[in-house]
Amino acid sequence: TDDDDDDDRDDDGWGTENNTNDVATTTTTTTSSSLRNELEELRRQSSSSSLKTSAGSAGRGGSSETTDRDPFVAVFALVALAGLFGAYGFEMVRLYLKGQLYLPWDQ
């Protein structure tokens, strides 16, 4: 039964041994109550923010809010695509001029 006693006492990682039966019941109770409180708080925040959003859009006649957006992503994507197609086109022309470009309709 010495092994059973060792199973009930686990190291918590900080160098102290805890009786898992006592810790499990208190931790479960504390965790579940704190999770319930957090869930209720999140629900309140969600409902209050959705009420503000719907009231704001109704006050403007239902039009959606437009904001200035940072064009960095769009510009970066366009430049990257231009570079990709430019490199591909350059390689096609280079291979064609050397006679190494394989085109199935030019046989």
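This is a predicted model: local features need pLDDT of at least 70, side-chain atom pairs count only at pLDDT 80 or more; totals for chains, interfaces and linings use all residues.
Start with the charged pairs. A search of the whole structure turns up three salt bridges. Two of them involve helix α2, which covers residues 20-59.

Take R43 and E40. These residues form a salt bridge, and their closest N and O atoms are 3.4 Å apart. That is within the 4 Å cut-off for a salt bridge. Both residues lie in helix α2, three residues apart, or about one turn of the helix. E40 counts as partly exposed, because its relative accessibility is 37%.

Now look at R44 and E41. Here too there is a salt bridge, with the closest N and O atoms 2.6 Å apart. R44 and E41 are three residues apart in helix α2, so about one helical turn separates them. E41 is partly exposed, at 36% relative accessibility.

Move on to helix α3, which spans residues 72-98. R94 and E91 both sit in this helix, three residues apart, about one turn. They form a salt bridge whose closest N and O atoms are 2.4 Å apart. R94 is partly exposed at 30% relative accessibility. E91 is partly exposed as well, with a relative accessible area of 31%.

Finish with the nonpolar surface. F72, V73 and F76 make a nonpolar surface patch of about 370 Å². F76 belongs to helix α3. Is F76 buried or exposed? F76 is exposed, because its relative accessible area is 55%, and exposed means over 50%.

Conventions
Residues are numbered from 1 along each chain as its sequence is written. Side-chain values use heavy atoms; hydrogens and water are left out. Patches are made of residues with over 30% relative accessible area and no salt bridge: like charges are joined within 9 Å, nonpolar side chains (Val, Leu, Ile, Met, Phe, Trp, Tyr) within 5 Å. Accessible areas come from the Shrake-Rupley method with a 1.4 Å probe; for residues, only the protein chains shown count as cover. A salt bridge is a side-chain nitrogen of Lys or Arg within 4 Å of a carboxyl oxygen of Asp or Glu. Helices (H or I, at least four residues) and strands (E, at least two) are DSSP runs, numbered from the N terminus. Buried means under 20% relative accessible area, exposed over 50%, partly exposed in between (1.4 Å probe, protein chains only).
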